[in-house]
Amino acid sequence: MKTPDESRRSEADGENNNWEQENRSDTSHNKSPLLSDPWKPCRRHRAAVKELLLKLRCCLGTVCGIEWYGYAALGILTAILSFLMDLSVAKLLRAHQWLYTMLEGNVLLQFFCWTLYPACICAIASSFSHNICPFSTGSGIPEVRTMLAGFEMPHYLSLTNLFSKFLGLICTLAAGSTVFLGKVGPFVHLSTMVGGYLSNLCTLIQRDKKEKAAGEMLVVSAGVGVASCFGAPIGGVLFSVEVMSSHFALRHYCPCFFSAACGALTFRLLAVWGGDGETLQALFRTNFPDALPFYPLEILLFAFLGLLCGAVSCCYLFCHRWILRFTKTNPVFAKMLTTEKGLYSGMVVFFLASLTFPHFAGQYMASKYTMKELLTSFLDSRQWTSQSHNTSEQLEPLLEWSSSGTSVYFSLVFFLLMKMWMLVLACTLPLPAGYFMPVFIYGAAIGRLIGEGAAYLSSTGVTPGQQWASVNPGGYALAGAAAFSGAVTHTLSPVLVAIELTGQFTHAVPILLATLMANALSRSGHRPSFYDALSISKRLPHLPSLKKASPQLPSTPVGQVAVKSVLLQKAAGPVEAEQAVRTSTEMQIPVVDSYESQILLGFVLRSELLTFLRRWKTESPEKHLDEGCCIHQTSIVISPHNTVQEAHSMLSLLGSQTLFVADEGKLVGLITWPEMKRILEDLAKEI
């Protein structure tokens with residue numbers, strides 16, 4: 001019996017349903033279903049616009065897939081963000097420089113201007129990022145790599161994270177060479193966020209709603225981020241292949257190159273329209289001699305430079321790993337980095353700015369130069385030491401590097417010694433920051449030091465058996481930049497980045513040689529790279545990084561971690577099938593010959609098993625499992641002696657959710673993708 005209230009409610013619901021059916025029938029007679037909801041204002045104009053958009057979608061879909069427009073939009077939007085960020089940072093740096101110049105004559109006020117400006121702006125960036133979105137601090141590349149490995153981290157792709165990371169990165173870059181941090185890593189993360197939203201948009205627009213490969217737009221976004229920072233599409237794609245994905249699918253090559261080319265082209269066009277250049281050219285255009293770029297015997301010097309960069313990178317990576325452990329184990333630093341991030345950033349940046357004050361130690365480090373000006377000075381092809389004796393005609397870079405009256409060699413050595421530990425300390429700052437450009441410039445300083453020494457020896461005639469007219473120190477700086485950054489990140493993509501940045505293809509061979517030598521020395525001993533150390537420190541379940549932290553993982557047999565699954569024999573009845581559906585949550589339930597033999601025959605899908613049970617309840621006649629369901633053959637069965645790493649590779653490459661483990665045909669268990677995630681997460685917690 002229904003109560004009066006329930007009967008009245010059911011009658012009201014029935015009237016509402018009748019009204020909705022009548023509204024649908026009336027709408028069906030209209031020319032377009034978009035003319036529904038007559039209460040909306042301007043509904044005919046809105047319907048006309050929607051109809052136009054539908055026709056536009058059909059026209060665009062006939063040319064190519066909707067996702068290709070998404071790739072182009074990704075490159076263009078990322079390039080616009082990069083240009084706006086560079087424009088904002090340039091204005092903030094120019095304001096700081098103007099204020100410092102206006103206080104000329106008062107050293108105390110200049111000191112406070114030099115130190116408080118970056119300290120306050122970095123404290124604001126750290127506090128803003130911590131309060132708005134704590135996930136926006138750091139590089140972002142370790143988290144993106146983890147997402148590409150199949151782990152869901154929705155907070156790192158949120159719109160709030162995009163907003164806070166963009167503004168926080170502007171503040172970090174506005175601190176200039178005092179903090180000595182870049183934008184490549186965070187910008188790869190920003191590009192990934194934009195790619196995530198465009199991927200969802202393309203899925204909504206697509207007519208057939210087909211499922212795309214997981215993370216395809218995210219893989220493309222990684223290469224676009226580098227291309228939009230440097231205008232280097234080829235190096236950006238190679239960076240995506242080396243750093244971001246442990247298994248790079250061939251189907252991603254064309255989308256990556258297409259989107260990276262759109263981003264690099266837009267970035268350079270915006271620079272031309274902004275008045276930074278007359279035509280499309282390299283970001284750091286150099287004037288290296290093309291007739292005789294380097295002498296044959298200089299190959300040995302480039303190889304020595306690569307070994308030197310590899311040795312220095314080992315020292316840098318050791319210091320970086322030590323400071324990461326120290327900040328986590330030291331109670332004072334751990335508490336400040338947890339609760340007082342703004343105060344910590346302000347204190348550290350104030351300390352770094354005090355050391356780089358131009359009237360103090362900064363006069364030996366060319367501290368007035370910005371990051372871009374530092375790299376431009378290092379890539380200068382003219383010899384500085386030959387101009388230091390000619391007071392009437394000195395080069396502009398030399399005026400800053402020898403402003404204190406000291407030797408250029410002393411300034412370069414002092415720069416290298418100070419920036420080593422200052423950069424390590426800056427890596428602990430809890431704010432959005434990139435770490436590729438600092439090591440790139442640091443390597444250029446190493447190469448400049450070797451190049452100046454070689455140029456001095458060639459000009460004094462010390463080199464026996466070979467009359468060298470001149471040596472290009474800028475070529476050594478370019479090789480050192482690629483070698484050191486490649487050794488720190490364990491990649492070869494900096495070679496292409498360096499070539500595309502400067503347009504100097506004449507030095508491709510020595511740059512590649514130096515980078516290979518540096519990588520060989522840096523990779524010896526299975527040392528983790530810079531990004532691997534960050535993944536290990538943050539305890540992210542990224543298998544390539546965890547292998548270096550726990551070498552026992554690759555040798556762990558998969559039989560020790562295989563899950564005992566609910567199974568069915570081929571002669572199972574509906575009662576056994578219903579029990580399996582209730583006790584198991586797997587989408588693929590293994591089927592064996594019999595419970596005694598445990599010989600694996602294949603698997604049955606959970607959806608087909610539910611259909612089998614519905615038919616049994618409606619049609620009544622009882623059937624066996626092999627008569628009512630299709631038993632699918634398993635394409636890949638692994639042995640219990642296979643390792644966890646091999647199982648992870650198969651799950652990643654095949655895109656499968658389940659791997660069956662069998663020993664001589666007998667089912668041992670199964671490895672699912674959620675179970676593999678749990679194994680890696682447990683391993684990451686034990687670090």
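A disulfide is a pair of cysteine sulfur atoms within 2.5 Å. In this predicted model, the sulfur of Cys122 is 7.9 Å from the closest cysteine sulfur, which belongs to Cys171, so the two are too far apart for a bond. A search through the whole structure turns up 0 disulfides.

Is Cys122 buried or exposed? Cys122 is buried, and its relative accessible area is 0%. Cys309 is buried as well, with a relative accessible area of 0%.

## Transmembrane regions in the record

Let's turn to the annotation. An unreviewed UniProt entry places the feature "transmembrane region" at residues 68–87, 107–128, 162–180, 218–241, 253–274, 294–319 and 343–361.

Two of these spans can be looked at in the model. Residues 68–87 are 100% helix and 0% strand, and their end C-alpha atoms lie 29 Å apart. For residues 162–180, the figures are 68% helix and 0% strand, with 23 Å between the end C-alpha atoms.

Which residues make a nonpolar surface patch of about 300 Å²? They are Ile76, Leu77, Ile80 and Leu84.

Ile80 sits in helix α3, which covers residues 66–102. Its relative accessibility is 34%, so Ile80 counts as partly exposed; that class lies between buried, under 20%, and exposed, over 50%.

Notes:
Residues are numbered from 1 along each chain as its sequence is written. This is a predicted model: local features need pLDDT of at least 70, side-chain atom pairs count only at pLDDT 80 or more; totals for chains, interfaces and linings use all residues. Side-chain values use heavy atoms; hydrogens and water are left out. Buried means under 20% relative accessible area, exposed over 50%, partly exposed in between (1.4 Å probe, protein chains only). UniProt positions are given in the numbering used here, feature names are shortened, and annotations may be inferred rather than shown by experiment. Helices (H or I, at least four residues) and strands (E, at least two) are DSSP runs, numbered from the N terminus. Patches are made of residues with over 30% relative accessible area and no salt bridge: like charges are joined within 9 Å, nonpolar side chains (Val, Leu, Ile, Met, Phe, Trp, Tyr) within 5 Å. Accessible areas come from the Shrake-Rupley method with a 1.4 Å probe; for residues, only the protein chains shown count as cover. A salt bridge is a side-chain nitrogen of Lys or Arg within 4 Å of a carboxyl oxygen of Asp or Glu.
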